[in-house]
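Subject: Structure handover

Hello,

Please find the structure below, with the sequence. After it come the notes on what was found.

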Amino acid sequence: MSEKKNGQVNLIIDGVRVTVPEGTTIMHAAEVVGVKVPRLCYHPYLSTPGACRVCVVEVEGAPGLVASCAFPVAEGMNVRTTSPKLRQIRRNIVELQLDNHPEDCQTCERDGNCELQRLAYQLGVRERKFAGEKKNYKSDYKAPGVIRDPNKCILCGRCVRVCGEVQGIHTLTVAHRGFESVVVPTFERSLADSVCSNCGQCINVCPTAAFLENMNYDEVWQKLSDPHVTKVAQFAPSVRAAIGEAFGIPPGANMEGQTVAALRRLGFDYVFDTQFTADLTIMEEANELVNRIKAHGTSDLGPGKPLPMLTSCSSAWMKFVEQFYPEYIPNISSCKSPMSMQGALIKSYWAEKMGLGAQDIYSIAAMCCTAKKYEAAREELRDENGLPYVDAVITTRELAWMIKSMGLDFANLEPEEFDNPLGESTGAGAIFGATGGVMEAAVRTAHQMLTGEEMPDVNIEAVRGVTGAIKEASVEIAGITINVAVTHGMGNAIKLLEAVRRGEKNVHFIEIMGCPGGCIGGGGQPYAGQDAVPMDRELMAKRASALYGIDKAKEHRCSHQNEHIQKLYDDYLEKPGSHRAHKLLHTHYRQHFPHGVIPGRGIDGNQESCIRPSDPRFLELEAFINERKGRPHEDSELIPVLHKAQNLFGYIAEEAVEYIATKMQIPRSKIYGVATFYHYFSLSPRGQFRVSVCMGTACYVKGAGDLAEEFKRILGIDFGGITADSVFSLECARCIGACGQAPVLMVNDEVHTRVTVPQVQKIVDQYQEQIGKSGSRESETAAR
Amino acid sequence: MSKKNHKHRVVAVCLGPSCRKKGGQALFDNLKVEIQRAHLSESVEVVETGCRGLCARGPVAHVYPDNITYCRLTPNDATRIVQGHLVSGHPMEDKVSHADRIANRSFRLFGDARFFGKQLRLTLRNCGVIDPENIDEYLAVRGYEALAKSLTGMKPEEVIQAMRDSGLRGRGGGGFPTGVKWNFAATQKADTKYIICNADEGDPGAFMDRSAIEGDPHTILEGMAIGGYAIGAHQGYIYIRAEYPLAVKRLEIALEQARAHNLIGKDILGSGFDFDIEVRLGAGAFVCGEETALIHSIEGERGTPRPRPPYPSVEGLWGKPTVINNVETWANVPVIILDGPEWFASIGTADSKGTKVFAVAGKVRNTGLVEVPMGMTLREIVYDVAGGVEGGRSLKAIQTGGPSGGCIPAQYLDTPVDYESLKGIGSIMGSGGLIVMDETTCMVDVAKYFLEFTMNESCGKCTPCREGTKRMYEILERITSGRGEEHDIELLEELGETVKFASLCGLGQTAPNPILSTIRHFRDEYVAHTRQKRCPAGVCTQLITYEINDACIGCGACARKCPVKCISGETRKLHTIDQSKCIKCGECFAACRFDAVTRS
């Protein structure tokens, strides 16, 4: 073995010598020698928990097996990635996953696209030896965008990580522990009632079908056979850039014409382009920006001020602002998204033109997005009769399923053109789908609006690209310097907005897309193929290149040059920002609850005073938290604070979690995850008399198990349960250190020693009697 | 005793958890009243002490300087102790523990040769001897002398060298050489380093740490301060179970007193060295005994472990180099500094130096804490120290290491207790739980018991432990309820290997030990359960049948006791049990005085 030098490490993998940089993991070093170690929970853009254990390998001299995803290489290391033992163990691990997973592959939405299924096949799991009890949770179908089926979850934790680490939303946590571990929103509420933005990145990264979009294609099929309505479809720029992947076409192909053709074959009477209203959005949005600048100059900056203006086309981002940054609501452009503008035009302008009533039209949108389903359901975006402008939203995936189920040969369909007048678009409309696209399109038109002249070079490279987290540029227009910033993914948005809030960034116009990569990386896009990872940046770049290719090939590359747009204004809308434009194309936003928590942001005094419930115990909790404010590693005080809360309330009440979350700026999900992990914390009220039977070894061998059974029989509750009258709750204690007098049990703080089974009834009676004596005494133990 | 104490006599009442529960507190209170009544307040002091390990015979009190230990006291004995012993000079012979002195290096007391004679109490040297809530008493037994010696006479490297020379290995279960661990942390370049005392004792049946802290909290603080000095840390944390309120209270008192004496805090003893300690409460998660999980818990996270490397000595608490040792390890540190690493290394075996504390429990006469030199055989611990098996039954197995350990059958009783020997027979030293099992213990049931524990305590992060422990438990449940097949034993072995080799942390990696060791040593019991559907120990209720034979005189005692009323028969005639209703509680078996109820 040669000497280690220049931060390079030499090692042997499966007998092959390899030199890799120091700090490389075994998994990546193995890829250098052509071995892709089977893996499951690992994701290159997320933290590495080393949890699934599928990628274990043998390292000579190490006592057990090591997870190759997390284990760094070392000089002279000798690694084996395969052996009979390793294969057996990997197979057993995947079998253990399958044993706690529904056996419904054939009817599962991810059949054929499931990483677990693929892995089981790859590793040769051909029999099931360990089958037993399976998890059994309720599914959550309430949210319009994203639905959740914990029974399909294999606890890889990618969703929790993407939601926290990439999106900064922290909707999800792993709650409870051991076999009871489950990924849930706080207090196991529905996603619909949580801080979830519906972005759907959890669906993208999930290896199974634990997260899915709330499907609408059944309803669409139904309506397609309804002869009494006119069926109209629109689809987003990014749909054409990605739908081919679902049919095995290499990423980056523009399938616009085939998609139009397919929609007509499915039964849609008219197919319009969301890119048309992307152009319209630009007209309205650029006009809004120009007006804000003209009215206030470029110095009136900050939350609640006219600038920076924030884009409003990403519906996940909209919900995010409303919950996490309500103070920025005045900064959001009032423009609807292109989808909603198209929806409104179809049922007004076009309907009038066609002599149809709104009720005669069934209008759907095929989107790269799951949050668009949420957007379509928003009350603010309905017509004056309270009916939705867009009747149904389907994702790119759903559209692909519809095409497949009809048996269309998608790849070989003869490309067709959009219908008009709502089908024509410029290059500016196409690039909407990639991060930076809206900004680039808006600047092209703002330039014309401010100067009356076209931009000499419409390519603004600085805002393009899927890798840069925050892209910034300054544009000189008519002697005004306009600073723009672009970001994608809500986690990056937080970084950008925090910098703006702190006054570190002097920007006038910000484009934010909720998903990494922009719409092309939306939660409704085709699943990553066999060789790609979800959210893969190379894949995003290919999809983006399809859109920039469309832009480049267009004769008109600026929205204001779109002749149909000009005609629309002439015939119907008058001019950007007109009264009718406002009615149809603009909307408003309002604060949504629960209020989002951003770790470390701090809360303002205003908020602080309104979060404390009147219960005096909160005052005490507040004092306890305040005492810890400003200490190093303040967040680490969470467990002491939970102890305090339990002492005050008798259990960890939901209001207490809510209070601690706001007060300490710790995401609710994290608090819930922590509180449910530790058995000392009770999430539900406990009985007036808490019976805890010691199940320490000494007690157990002396019959504690029988005592527990007797209590369960007499009280009719299990461990962790509480009797209907709230008098008794039963817990299992782990060694209270009185082994000499085993078996022992405690009722509140009283210890009963050397207890026998017949005594159990007497003990219960004894406490029951106390209740009788004290009448309807309130539970004192709760406030212990 | 206390330097300030000018009284002639001291009555030290153990108020450890066990003695307290058996009336120790009332005894303590009565003694005070009686002493006042006898006008002895000037000359006799009543003090409370921590556990001295005689839990099975509590409440215990010791009279100094007479050196008489009383056992099995009742609150009413206060009068006799005061009037008979203190006033008249006649000790209560019936309650005196047999007076004998032991060859204990650090001090010279305790009676009861059988229990203490073979012990060597180093880490527990002060437990039951001093008042743990009075720093003066600790100072009187050379307390904080080791810290002073380190700070004033030794360089940090020398302290670490002493640890290495002593051969001390971590007492928490892993047995990693303490000096080596300290050296890793000491050689890291970092602006901040931390010391952690792991007092999250969670093994069911283990209470060493609790007793050690309750009886002698200052030793832990002193050990941690020495460790901080050695590696360059200025902040320590004690992570202790919330279920140990007395220990927490005593730690807080000790910290306050140590700060007041400038033994903890800024510029300790004028040396320029700063070191402070904070107590953090656990919240009921056994896995937090694992060091990376413990760190996460202190950080306010779910207590899940993470893959190592990096080890905590390189990247620990908040990413800083951190030394984590358990209570017993820290308690050894002052001893080593004070009495020298060579002396320490002279105790024990070639690879396991010093002593080990065991919490002996189960079917044994003297339940309690014992501290013995490494290398003592299991037989000596069980028979000479702990008094042998209760009720004269024969020993079947010894379980060491709690849920991470294994069951050792009687034929290995002469195995010396050290890290390697125990590992060699399929168990581990662990943190010191030692449960004695007799012929009435079913080994399959014991394995199931431990699996239930690890299954409930699995953090759920890694697949093999989360899913595997559940499946192993299900198989064991099948076997103990008579639904098992012989093939299940092989399944257990296969699954056990997967969980053992592939789990992320020590909890999962050792979880199959109770199963694998019982299959290895008691395979015939598994076979009896699966092939003959029989539980040889008569424990697995679903495999038991109670029947009434001809010896029945028809007295009806069994029928009256039966909780489900499934025994019928006319008076003075043979009774019968309705097997379809029988819940196999065993009440009839216990009630019959004519051996007419049989269990099979």
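Before the angles below make sense, one definition: axes are lines fitted to C-alpha atoms, for helices over the stretch in contact, and angles run from 0 to 180 degrees between N-to-C directions. Two residues are in contact if their C-beta atoms, placed from the backbone, lie within 7 Å. Helices (H or I, at least four residues) and strands (E, at least two) are DSSP runs, numbered from the N terminus.

This is a predicted model, in which local features need pLDDT of at least 70 and side-chain atom pairs count only at pLDDT 80 or more, while totals for chains, interfaces and linings use all residues. Residues are numbered from 1 along each chain as its sequence is written, and chains are lettered from A and ligands numbered from 1 in the order in which they are written.

Chain B as a whole

Chain B has 22 helices and 17 strands. Its radius of gyration (taken over C-alpha atoms) is 26 Å, close to the 25 Å that the globule rule (2.2 Å times the number of residues to the power 0.38) gives for 600 residues, so chain B is as compact as a globular protein of that length. Along the principal axes, the C-alpha atoms of chain B fill a box of roughly 85 × 65 × 40 Å. Of the 600 residues in chain B, 59% are buried. A residue is buried if 20 or more other C-beta atoms lie within 10 Å of its own, exposed if 12 or fewer, and partly exposed in between; the C-beta atoms are placed from the backbone. Among the contacts in chain B with a separation of 6 or more, 70% are between residues 24 or more positions apart.

The domain assignment (automatic or from a database) divides chain B into domain 1 (9-99), domain 2 (135-344), domain 3 (355-438), domain 4 (443-530) and domain 5 (545-599). The centres of domain 1 and domain 2 of chain B, taken over C-alpha atoms, are 34 Å apart. Their contact takes 5 residues from domain 1 and 5 residues from domain 2. On the domain 1 side there are 2 nonpolar, 3 polar and no charged residues. For these classes, Ala, Val, Leu, Ile, Met, Phe, Trp, Tyr, Cys and Pro count as nonpolar, Asp, Glu, Lys and Arg as charged, and the others, Gly among them, as polar.

A sheet in chain B

Four strands of chain B form an open sheet in the order E7-E6-E5-E8, with parallel pairing. Two strands pair if DSSP finds at least two bridges between them. Strand E7 (276-281) and strand E8 (322-326) of chain B are the edge strands, each pairing on one side only. From one strand to the next the twist averages 20°. Strand E5 (194-199) and strand E6 (235-240) of chain B are joined by 6 bridges in the parallel sense, and B:Asn198 stands opposite B:Tyr239 in E6(B). Helix H12 (327-339) of chain B lies across E5 and E8 of chain B and runs at about 95° to E8(B).

B:Ala78 lies in helix H2 (77-87) of chain B. Is B:Ala78 buried or exposed? B:Ala78 counts as buried, with 24 C-beta neighbours inside 10 Å. Leaving aside neighbours within four places in sequence, its contacts are B:Leu27, B:Asn30, B:Leu31 and B:Glu34. B:Lys32 is 46 residues from B:Ala78 along the chain, and their C-alpha atoms are separated by 8.6 Å.

Where the chains meet

In all, 60 residues of chain A are in contact with 63 residues of chain B. Helix H2 (84-99), helix H22 (638-649), helix H24 (668-677) and helix H25 (697-701) of chain A each supply at least two residues of the chain A side. The largest share, 6 residues, comes from H2(A). The chain A side divides into 33 nonpolar, 19 polar and 8 charged residues.

A:Ser636 sits in the loop between helix H21 (616-628) and H22 of chain A. A:Ser636 is buried, with 20 other C-beta atoms within 10 Å. Apart from neighbours within four places in sequence, A:Ser636 is in contact with B:Ile298, B:Glu299 and B:Gly300.

Inside chain A

Helix H10 (315-324) of chain A is mostly covered, with 10 of its 10 residues buried. The cover includes helix H12 (371-377), helix H16 (490-501) and strand E17 (509-513) of chain A.

Regards
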